[in-house]
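Colleague: Could you walk me through this model, step by step? I am new to reading structures.

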Amino acid sequence: MLLELNNIFKWVNQGGKRIFLLSDINLKIDEGEFISIMGPSGSGKSTLLNVIGMLDGFQEGEYNFMGESVHTMKEKNRSKLYKEYIGFVFQAYHLIDELTVYENIETPLLYKDINSSERKALVADMLDRFNIVGKKDLFPSQLSGGQQQLVGVARALITKPKLILADEPTGNLNSKQSEEIMQLFKELNQEGVTIIQATHSETNAAYGSRVLHLLDGRRDFN
Amino acid sequence: MIRNYFKIAWRNIRSNKLFTALNIAGLAIGLCVCMILFSFVNTELGFDKMYSNSEDIYRVNMETSEEYNFETWATMPNAVGPAIAQDIPQVKLMTRLIKDDFGATASLKIGDKNFTENRLYLADSAIFKMFDFKFLEGNSNDAFSKPKSIVLSQSAKIRLFGNQDAMGQLIIVNNINTLQVSGIYADLPKNSVMDIDMVYNIMDTWMGTNVYWSNASYETYLQLEPNSNVSNLQNQATGLIDKYVDKDNQYFTKFIFQPLTEIHLHSAHVREAYSSKMGSITAIKSLLFLSLLVLLIACINYMNLATANAQKRAKGIGINKVLGANRRQMLSLFYVETGIMVFLSIAIGYAVSFLTLPLFKSITGNELSYQDLLDTPILIGLLIIWILVTLVAGSYPAISMSNISPLILVNKSKKKGSASELIRKGLVVFQFAASIVLIIAVTIILQQMAFIKNRNLGYDPNGIVAVSVKSAETEQQVESLIKGLERLVNVESVSAVQSMPGANESGRSVYKMATDGTGLPIASCRTDGNIVNTLKLKVIAGNELPETIPEGDSIIYSLINEKILNYLDYKTPEDAIGKIIHTELGSMAIITGVVENFNFNSLKESVGGYMYYKSRKAPEGIRTLLVRYNTQDLSKFMSQLQQTFNEALPNTAFDYQFLDRHVAQLYASEEKTASTATLFSVLAIFIACLGLFGLAAFTAEQRTKEIGVRKVLGATVTGITRLLSKDFLKLVLVAFVIAAPVAYLIMRNWLLDFAYRTEISWWVFAFAGIAALCIALITVSFQAIKAAMANPVKSLRTE
């Protein structure tokens, strides 16, 4: 088992009232799964992804990740954990505008103190694999949306994470680009990477091995 | 890793053109000013440290008695030096130093050419060893071995002799003293109080040989044995007063050994020194303070602009954090960026400082050369400034931004604004408060300068030229000159005097009783001619001085001012007329008239006692003609004047000074303060405006959506401009409230230096406030109008 959420509650106080963003979420995810989280806007998809990605906290409940209890962990260890095992892919790609394709992909390696020759090899592999060698010196603004997301995925994969979290990865793409990205996810999943994606689209959700429905912060089993 | 930081930082700098330009401009201006000032301060602090025995050289100062208000004087009787050198064995070398003719301009005659000279000194021969004179011709041992020798600095030699050989040539000083050139020395260091242009042997004159303990006119320098106990020796020297001077004649009570290296900057309280190179440690301190203030304002700009930019940068930080960057790495990224920016600013500022050096010189009147900007301490200083400014300016943005959570990427959490918003506002308030203080200060300084210039001095210095006749060969020459001048159409009146007001009067004392030990120190000035008419003095009792004094009349006719009158306790001015006045002039002095007080000294001092006297047997000579003229064509008049002068005194250099300029000269240092303060406040305000401009741009950008919505709902351009400007103007108001009392206190203190001062009036504050407000409004509204004019469809779509 990769991770487990037990009775997770997350809320914010607004005008003296508690507004629940997540309530009573229970979830077990095994390695190698490809999960799609679906639900309307505001149902808590992103929040759940952020909690799983340890970017955001929660008020109640337990979260175990690879046998370690995240909810009792200090901030510092938590960020160490997610940096080690989790890669993120965003709807808005979130590439660093000032860096080239090559440098964007290389950045996570820099933060892991990997030496220069190894970095070169890893980035070259990744460029090869995604067929973007010819674009390595371009800046994000010179790429199409689909290409940018490709770089985003490549960057998420460069540190060989166990888990990829993708928040509406195709939300800004047209249908052809979407399909390419989803195809890519499928391949990655077949290679053993666990993927959790949040999506609006039934088509995309169908790529997953399991679909999770959310409504108003709760799991919706209907 | 570090390479990557540089890459990101550099690309960030380049992609944000406005931000970068504003930042670099602000920092570069601040740094340029700082560098110029630091090199100025560096030169000032380096004064007199170049001599091989600098550490052991002292100037003897003396503390006077109560009669002279316990003033400290740099000049003393010529007996002091020899006595100290003789009685205190730790004194290795001693020299007295006095300007020729007590500091009056000398007239030099070489062949048939006349020159004027202001820095002709007399000294003992020890001066060459003490101050490391480097002889280019002749040598220090033989320079004074022949009587009547004179040595010249290289530049003096070139001025007087050009490329011709000067050794052995004769120079006639003031038409009485013929000296022979016996040596040429390399010019003394620029940053030394020793401003000797030429020097001859004091032992060739009565000044060196005829030692006495009364008249104090001689500076005295000592070189002590290394590691001497200075305070001990100082006490020994003071002990000599009792040994050599009668109790009754002790008008000085203590000798103080002032280290040579402190003379330049720490002599504000020391009077009567000869050197023209006097600095002031307070001026240095205030310049340093001002430059640090400007630098701080520039740093604040950087912080402000950087944090305002945070919203834009937040995404990048979030991504980096998600990709595994930690806080420390983000801190380094920001510091690297700041470091690059500051480096660019320093490079630009440094380059610009070379270009603006002449401007700086003309505004502040401070001497500074390009070489001074290349001095090692300055280069080290640059490095220190670089590091310091990077740390200070980079601190707040780096710390606040490295804290940004990666959540910024996913749920647009922008709530982290309030604290940094407050700090940013605080910084703007600080900048503007500082600017407003400067505006107020400058206004009051200028007001005070105008007040001084327009104040009725009690005499009219305008339209008077003072012509030196002290080097006339005979009295007949002077008389014929006076006659010649009186014939000129544009001359209204000519008075022959010992000194123009406040220059070379004789210090005397007025006693209530002939037997009194102490009296009122006054300035006494011999005159022939109608001084009341020439200076436009106002007689309040008695008469002017008689036009002629018959043969055999030994009375000393005197004209006193109210200050003396009051000291003498006469009930009315009329009571004083015809009474004897007790001074060192003897018992024949009679009060002929009383004039209104007039400010013969700077208005920083209150009026002192002043006495004009006329006598057939005057102890002082006639040295100056005061010529009151009335002409539209001054240059023509001056050439007529010179022609008349040359006809009457063919062997004397024509040396003159306009009295009004002489008076203005008294406030030269205040003028300098005024122009320096003006320069700084303009710069401070400009830099603050750069920051405000950037901030307004970012705020407008931040509120693009709000503006769009408001416009769709029907807001007008004026309405939106007002909305955006209002917040900034509030900050300026707050700044004003803080600045006004601070400025009031500072300036009230500054004005205390003047015996006569202007009132600090409310309108100065109103003016400063309104000026700051207008400047801020213009800066901000530019951005606000731009934002308000934008098409709302565009701004709403981008969100």
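**A hairpin to begin with**

Modeller: In chain B, strand 9 and strand 10 form a hairpin with three residues between them, and B:Asn174 in the turn has a positive phi of about 50°. Strands (E, at least two residues) and helices (H or I, at least four) are DSSP runs, numbered from the N terminus. This is a predicted model, in which local features need pLDDT of at least 70 and side-chain atom pairs count only at pLDDT 80 or more, while totals for chains, interfaces and linings use all residues. Residues are numbered from 1 along each chain as its sequence is written, and chains are lettered from A and ligands numbered from 1 in the order in which they are written.

Colleague: Which residue of strand 10 of chain B does B:Ile172 stand opposite?

Modeller: Two strands pair if DSSP finds at least two bridges between them. Strand 9 (residues 170–173) and strand 10 of chain B have four bridges and pair in the antiparallel sense. Opposite B:Ile172 stands B:Thr178.

Colleague: Do strand 8 and strand 10 of chain B pair in the parallel or the antiparallel sense?

Modeller: Strand 7 (residues 135–137) of chain B is joined to strand 10 (residues 177–185) by two bridges, and those two run antiparallel; there B:Phe135 has B:Tyr185 as its bridge partner. Over five bridges, the sense of strand 8 with strand 10 of chain B is parallel.

**Two helices of chain B**

Colleague: Why do helix 9 and helix 22 of chain B count as roughly parallel?

Modeller: Axes are lines fitted to C-alpha atoms, for helices over the stretch in contact, and angles run from 0 to 180 degrees between N-to-C directions. Angles under 35 degrees count as roughly parallel, over 145 as roughly antiparallel, 65 to 115 as roughly perpendicular and the rest as oblique. The axes of helix 9 (residues 281–308) and helix 22 (residues 668–702) of chain B come within 9 Å and cross at roughly 5°. The two helices are therefore roughly parallel to each other.

Colleague: How many nonpolar residues are in the contact of helix 9 with helix 22 of chain B?

Modeller: Residues are in contact if their C-beta atoms, placed from the backbone, lie within 7 Å. Those in this contact include B:Leu290 and B:Ile297 of helix 9 and B:Phe680 and B:Leu683 of helix 22 of chain B. Ala, Val, Leu, Ile, Met, Phe, Trp, Tyr, Cys and Pro count as nonpolar, Asp, Glu, Lys and Arg as charged, and the others, Gly among them, as polar. There are five polar residues, no charged ones, and the nonpolar number is 17.

**Chain A and its partner**

Colleague: Which helix gives the largest share of the side of chain A that touches chain B?

Modeller: The contact takes 17 residues from chain A and 20 residues from chain B. On the chain A side, the elements that give two or more residues are helix 1 (45–52) and helix 3 (101–111). The largest share, four residues, comes from helix 3 of chain A.

Colleague: Which strands are the edge strands of the open sheet of chain A?

Modeller: This open sheet of six strands has the order 6-7-8-3-9-10, with mixed pairing. Two bridges join strand 9 (residues 210–215) to strand 10 of chain A, and these run antiparallel. Each edge strand pairs on one side only, and the two are strand 6 (86–89) and strand 10 (218–219) of chain A.

Methods
Contact = placed C-beta atoms within 7 Å.
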